[in-house]
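Subject: Structure handover and notes

Dear colleague,

I am passing on the structure below, together with notes on what was found in it. Please keep it open beside you while reading.

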Amino acid sequence: MDWGIFKGFSSNRQLMDNWHSPVCPTCSRGLKPWIDWIYHGSVGYCEDCENICLVKTTSKPSLNNHPKIEIDEFVSHEYHKIEFDSGLMSPRQLWNYYKNIPTTYENICILNEERKKLENYNNEESKLLGHLIWRLIFNSEHFDKELFVEYLRFAMQYPHFYNMYEKYEVWLGYEIDLANTLEKLYKDEIYESIYEIWQLFGNSRSNLNYKSAIGIFVLPDYILYKKFEPEFDEFLSKIIVRKF
C-alpha cells in the first residue's frame with residue numbers, strides 16, 4: 001500500500017477483508033493516494049490520465065471475522081473526477097510538487113500564490129485544492145508563523161472532514177505527523193498561533209468545531225506555558241486531540 005503525506009493516527013491498521021486499491025475510472029490503472037486509502041473517502045491521482053479523483057468506498061461487516069473485531073469487507077469504490085479551472089495549476093503540476101516534498105522555500109512561494117488564487121473561487125473543488133496545497137506548504141523545513149495562522153483560519157472554515165457533492169465525505173487527515181514535527185521546532189509559535197485564532201473566532205464557533213479544525217495542534221504540555229489568561233488554558237483542555 002502506498003502512503004500519502006500524512007498517515008493520520010493509525011498507520012499500521014489492519015486492512016479490510018478483500019481490499020482492492022482504487023483504480024482510475026478512465027484507464028483502470030491504479031490510482032496513487034494523496035493520503036492513505038481509507039474506508040469512507042479519499043483523494044487519488046492517475047499518472048496516465050493526469051486526473052485527480054475522489055474515491056468513496058463501500059464496505060460491509062466481514063463474515064470472516066468475529067463481529068467484536070470490527071473488520072469490514074470491501075464491496076466497491078465509487079469515483080468522481082475533480083475539475084481544475086484553467087487559471088490554476090494542473091493536476092500534474094500539483095502531483096509533481098507532492099512527489100518532491102519536502103517543499104523548498106521557492107516552491108512555498110509559488111504554492112502560496114496558487115493558494116491565493118483559490119480565494120477567488122467559492123466552490124467545493126477550490127476548498128479541497130486549498131487543503132492539498134496547504135499540506136505541501138507545511139511539508140517543508142521552512143516555517144512561517146503568519147502562513148500558519150492563515151492556515152488555521154482556513155481550517156476553521158473548512159475542517160478536515162470535508163463533504164463534497166452531497167455524497168463524498170473526504171477525509172483530509174488529522175495532520176498527526178505535521179503536528180508532531182512542528183511541535184519539536186516551533187512550540188512557542190504554535191501556542192501563540194492558536195491563541196490568535198481563539199481571539200479571532202472566540203465564542204462564534206463551538207468547541208467541536210475548534211477540535212475538528214485545529215485541536216490536533218494543541219501542545220500536549222500546554223498547561224506548562226501559563227502565558228495567556230486561564231480561560232485560554234481551559235479552552236485548550238476542551239479541544240485537545242493529542243495527549244501524553
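Leaving aside neighbours within four places in sequence, Trp 134 is in contact with Arg 115, Leu 147, Glu 150, Tyr 151 and Phe 154, where contact means heavy atoms within 4.5 Å. Trp 134 lies in helix α3, and at 1% relative accessibility it counts as buried; here buried means under 20% relative accessible area, exposed means over 50%, and partly exposed lies in between, with a 1.4 Å probe and protein chains only. The C-alpha atoms of Trp 134 and Glu 150, which are 16 residues apart along the chain, are separated by 9.9 Å.

Before going further, please note that this is a predicted model, in which local features need pLDDT of at least 70 and side-chain atom pairs count only at pLDDT 80 or more, while totals for chains, interfaces and linings use all residues. Residues are numbered from 1 along each chain as its sequence is written, and side-chain values use heavy atoms, with hydrogens and water left out.

As for the overall layout, the protein has eight helices and six strands, these being DSSP runs numbered from the N terminus (helices are H or I with at least four residues, strands are E with at least two). Along the sequence they follow the pattern β-β-β-β-α-α-α-α-β-β-α-α-α-α. Of the 244 residues in the protein, 49% are buried, and among contacts between residues at least 6 apart in sequence, 66% join residues at least 24 apart.

Helix α5, residues 176-185, has Ile 176, Leu 178, Ala 179, Leu 182 and Glu 183 as its buried residues. Seen down the axis of α5, these buried residues fall within an arc of 160°, so they line one face of the helix; the arc is that of the directions from the helix axis to the C-beta atoms. The buried residues of α5 pack against α3 (124-138), α4 (145-157) and α6 (187-201), whereas the face turned away from the buried side carries the exposed residues Lys 184 and Leu 185.

Next comes a pair of helices. Two packed helices are described by the angle between their axes and the distance between the axes. The axes of helix α7 (residues 207-214) and helix α8 (residues 230-239) come within 9 Å and cross at roughly 70°, the axes being lines fitted to C-alpha atoms, for helices over the stretch in contact, with angles running from 0 to 180 degrees between N-to-C directions. The two helices α7 and α8 are therefore roughly perpendicular to each other, since angles of 65 to 115 degrees count as such, while those under 35 count as roughly parallel, those over 145 as roughly antiparallel and the rest as oblique. On the α7 side the contact is made by Asn 207, Tyr 210, Lys 211 and Ile 214, and on the α8 side by Phe 235, Lys 238 and Ile 239. The buried residues of α7 are Asn 209, Tyr 210, Ser 212, Ala 213 and Ile 214, and they pack against α4, α6 and α8.

Glu 114, placed in helix α2 (residues 105-118), is buried with a relative accessible area of 11%, and a polar contact of 3.0 Å joins its side chain to that of Lys 117. Not counting residues up to four places away in sequence, Glu 114 touches Leu 88, Met 89 and Ile 133. Thr 57, in strand β3 (residues 51-61), is buried with a relative accessible area of 9%, and a polar contact of 2.9 Å joins the side chains of Thr 57 and His 77.

Lastly, some points about the backbone. The peptide bond from Ile 101 to Pro 102 is cis, with omega near 5°, and Pro 102 is placed in the loop between α1 (91-99) and α2. Ser 28, in the segment before β1 (32-33), has a phi near 70°, a positive value in a residue other than glycine, and counts as exposed at 54% relative accessibility. Tyr 165, in the loop between β5 (161-164) and β6 (168-171), also has a positive phi, near 55°.

Technical notes
Polar contact = N/O pair within 3.5 Å; in protein donor to acceptor, adjacent residues only side chain to side chain.
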